[in-house]
Amino acid sequence: MNVASVLRRRFARPPEPVRAVVHASPDPDERVLAWGALVRGQGWLVATSRGLRVVPADLPLDRAADVGVLRWHEVGSARWSATNDGGGTFTVSALTEVEPGVQAREPAERHALGDAGDLPAVVRRRVDQTVVASRRAPLPRGGGVVLVARRVPGQAVREWTVVFDDDADRSDPEAREVARRRLAEAVAADQPD
């Protein structure tokens, strides 16, 4: 991509459906940070100040408020695999709370982009900004858990959660007890004296 193309892209306005979705947001301060064009004219993958949105190309503008957002602190992973033509694939896994303090990974969604623009760098930065601390802890019968402290908009304190490597371990009483203990230790170590 030549310099003129980069500058044109940097100062371009988002497509009209993308602008409509952000305008319809319940958050009046939400803004578009970056977007990438999905392949085959399917729409756009959009990074906003609130999170990640998939905006379909055929979205009726009066339905813009129906487009959901995966908030940054709910992104479990977002892996970017670039191609040589400015595109690539984002594989995104969301986290969902299955019980207080315990999250599970949703099945990964793949988004193939023909033109990614600044989207990969923006997504990486935004997800990284939510993670305050992250550490792994092994479980007695193998596998492990990830203990994560995240910044959540509107909350003064960090939110600590546990994510099991294998969802089956959540039903194992011994694994649950180890995870509960490790989480309590992490939270206690995070408290100011």
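Okay, quick definition first: Ala, Val, Leu, Ile, Met, Phe, Trp, Tyr, Cys and Pro count as nonpolar, Asp, Glu, Lys and Arg as charged, and the others, Gly among them, as polar.

This is a predicted model, where local features need pLDDT of at least 70, side-chain atom pairs count only at pLDDT 80 or more, and totals for chains, interfaces and linings use all residues. Numbering runs from 1 along each chain as its sequence is written, and side-chain values use heavy atoms, with hydrogens and water left out.

So, the largest pocket. By pocket I mean, on a 1 Å grid over the protein atoms alone, an open set of points with protein on both sides within 12 Å along at least five of seven lines; a cavity is a set where a 1.4 Å probe fits but cannot get out, and lining residues have an atom within 4 Å of a point. Points are joined across faces, edges and corners, and volume is the space filled by probe spheres set on them.

The largest pocket holds about 400 Å³. It has 17 lining residues, with G76, S77, R105, V127 and R150 nearest its centre. β5 gives the largest share of that lining, four residues (strands are DSSP E runs of at least two, helices H or I runs of at least four, numbered from the N terminus). By class, that's seven nonpolar, five polar and five charged.

On to the second largest pocket, at about 250 Å³.
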